[in-house]
Amino acid sequence: MYVVVNYTRKLQTLAFNLGPSCYRQGVTGVSITSQDRKSKQNFSCFRWTHLITLVHQYSTRIYNSKACQVPVDLVDKLERLALVDFRNQEGLACLEKAIRFADQLHVVDTDGVDPMDSVLEERALYLREDAVAEGNCAEELLQLSKNTVEEYFVAPPGNIPLPKREERAAMLKHSEI
Amino acid sequence: MYVCLPMPESSPTKRKSAPQELVGVVGLEIHAQLHSNTKLFSGSQVGFQAPPNSLVSFFDASLPGTLPVLNRRCVEAAVMTGLALNCTINRKSLFDRKHYFYADLPAGYQITQQRLPIAVDGTLTYSHLGCRKRNTVVTKSVRIKQIQLEQDSGKSLHDDYRSQTLIDLNRAGVGLMELLMEPDMSCGEEAAAAVREMQLILQALGTCQGNMAGGEACIGHTHSLTHQGNMAEGQLRVDAYVSVHRPGDPWGIRTEVKNINSARNLARAIDYEIQRQMFVLESGGTVQNETRSFDGKTGHTIPMRDKEGLQDYRFMPEPNLPPLMVYEACSTAPPGVAPSQVVVLEEVRERLPELPSVRRQRLVETYGILPEHNFTLVNEDGLMDYFEAVVKETKAGPRKVIGWVMNELQGLLHQQNLSVSQSPISPQALAQILNLQENGQISSSIAKQVFQELWKTPGKTAQ
């Protein structure tokens, strides 16, 4: 079940602060706001809804809907998978409030109703002709990256695993954010 | 996805006097690169050997503000492949995002079709020369669980010396068909035969060029090696899922074997993995659920570095793409829509070319040749046309022609590693030799000598 959550202002500010400090992927030059065509206000709407859905599924599976705590290992797993940082108790509290808010959906009886992915489901999917129309802009793309070698993008040798919580806290203390 | 379903236990009244032998269970996951001009969701070119990052559009580099636009040719190719494999084509299919982090996947997710793919429930029928007895041709079939459209990732070149990875996004976004086969196979030979048949079918349809590795492809069995004229990249990638169990027992723990670059290596890798798992179980150990890499030189599978434990791909619907609709006939398509905007099954069915199995059947009926022979004929590129050309020109019976083509011609071709099109002896020349032999002008041993002579100095006639 996919939920569009009207998250609180607190969550929004939290989300805005997340990006640079937690995006540890090796590829340079890609902004975290790239995934959504909607306005910056709703950035990462889908990342967050997905996270909340995941937590929601876990919490309703393991506990009943009156549960209050998101288990710590689940939080760690989410942070590792989605590279978002809940940072502190306040962040977790926000998350839990969002889950409780989403619980309201259980009131609606959805037996026999197919889930809806998007309000644009009825639109026709546009099919493009198989003719070359783009590409050949290697220079422009490479300029976006800080580190390139002979027309290749440079990345670390493998995924850098997210440091443990304690190390992260120490790292963040020294950073500006 | 390969689903591990427990098999029902055998009836309790049956007493097993001796423990049954362990047998292997093999499932395959094939990624076939779609043969199209442009990529799946963007208008950049699909090509090989191009300068790094030159065939990359803004969408492929996942720059902000870009959106996917589906390529009609890729949809038709997937539908055609589904029809050729007797699949049910889903009139409505959906796109999803599969999230994982890796440097060659700039968006951080891959657009695929996990929930509702474009085609499901097909069968692939293949023949092979028996796992134990190599003389009889055994026909088997494997169920195709589903065919789905998905994006390819870029290429990463590992520079261990400088401890960095170089990323080339030319391949990022190219359309792939993921063909999932149910675990109906039990040994490496069967899997290799199934893959070869799949290669032939895809090549006949024109939906995929079917090479497993760059430069050379191992089509045909035993020693035949077909050189491709161009140094094409591997368009067919195969991963194997292997487990062992006793018949009647639930399936064992499975491992995934990657890094296989030819059908022959596929057979070797699977057989090694089955042996390894049997050895582990018989010595009292347990098989780990892991991903292993095949080492072509040693013939062993080695565990790959376990990076992040079990991956959770966090599938979610692709919000930028509405459902993909395919229509049965022009009449069922919505009115007032341009024909370029609808994919109609009727039209695609009409365009289906002759499949390899039908070709083989035709050979058997027209010329009365044995199944083993027509198997090789269809497998080798151009050999069948060569054979038919010779038969047309000569009075000799098809059986004789087969003998010559299989033994003499093939023998010399393999010795010098040539393809049929590079053969110095044309079909007409071979036909001449055979005619002379038929007329009684030369004996068969002299005919063979003439053949050798003509091979060395092409252009001379048999006279």
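Trainee: What makes strand S3 of chain A and S10(B) a strand pair, and do they run parallel or antiparallel?

Mentor: Keep in mind that this is a predicted model. Three bridges join S3 (residues 152–155) of chain A to S10(B). Pairing takes at least two bridges, so the two strands pair. They run antiparallel. As one example, A:Phe153 has B:Ile167 as its bridge partner in S10(B).

Trainee: How do you know that S9 of chain B pairs with S10(B)?

Mentor: Count the bridges again. Five join S9(B), residues 155–159, to S10(B). The cut-off is at least two, so this is a pair. These strands also run antiparallel. Here B:Ser156 has B:Ile167 as its bridge partner. S9(B) and S10(B) form a hairpin, with four residues between them. In the turn, B:Ser163 has a positive phi of about 55 degrees.

Trainee: Why is S10(B) called mostly covered?

Mentor: Five of its five residues are buried. Buried means under 20% relative accessible area. B:Gln164, B:Leu166 and B:Asp168 point one way, B:Thr165 and B:Ile167 the other way, and all are buried.

Trainee: Why does A:Asn88 count as partly exposed?

Mentor: Its relative accessibility is 37%. Buried needs under 20% and exposed over 50%. The value falls in between, so A:Asn88 is partly exposed. A:Asn88 lies in the loop between helix H3 (72–82) and helix H4 (89–102) of chain A.

Trainee: Now the rings. Why is the pair of B:Phe41 and B:Phe95 called edge-to-face?

Mentor: A search of the whole structure finds four aromatic pairs over all chains. In this one, the ring centres are 5.7 Å apart and the planes are at 75 degrees. Pairing needs centres within 6.5 Å, and edge-to-face needs over 60 degrees. B:Phe41 and B:Phe95 are both buried.

Trainee: What makes B:Tyr100 and B:Tyr313 an edge-to-face pair?

Mentor: The centres are 6.0 Å apart, with 75 degrees between the planes.

Methods: Residues numbered from 1 in each chain as written. Chains lettered and ligands numbered in written order. Predicted model: local features only at pLDDT ≥ 70, side-chain atom pairs only at ≥ 80, totals over all residues. Heavy atoms only, no water. Buried < 20%, exposed > 50% of the residue type's maximum accessible area, 1.4 Å probe, protein only. Helix = DSSP H or I, 4+ residues; strand = E, 2+ residues; numbered from the N terminus. Phe/Tyr/Trp six-rings, centres within 6.5 Å; stacked < 30°, edge-to-face > 60°.
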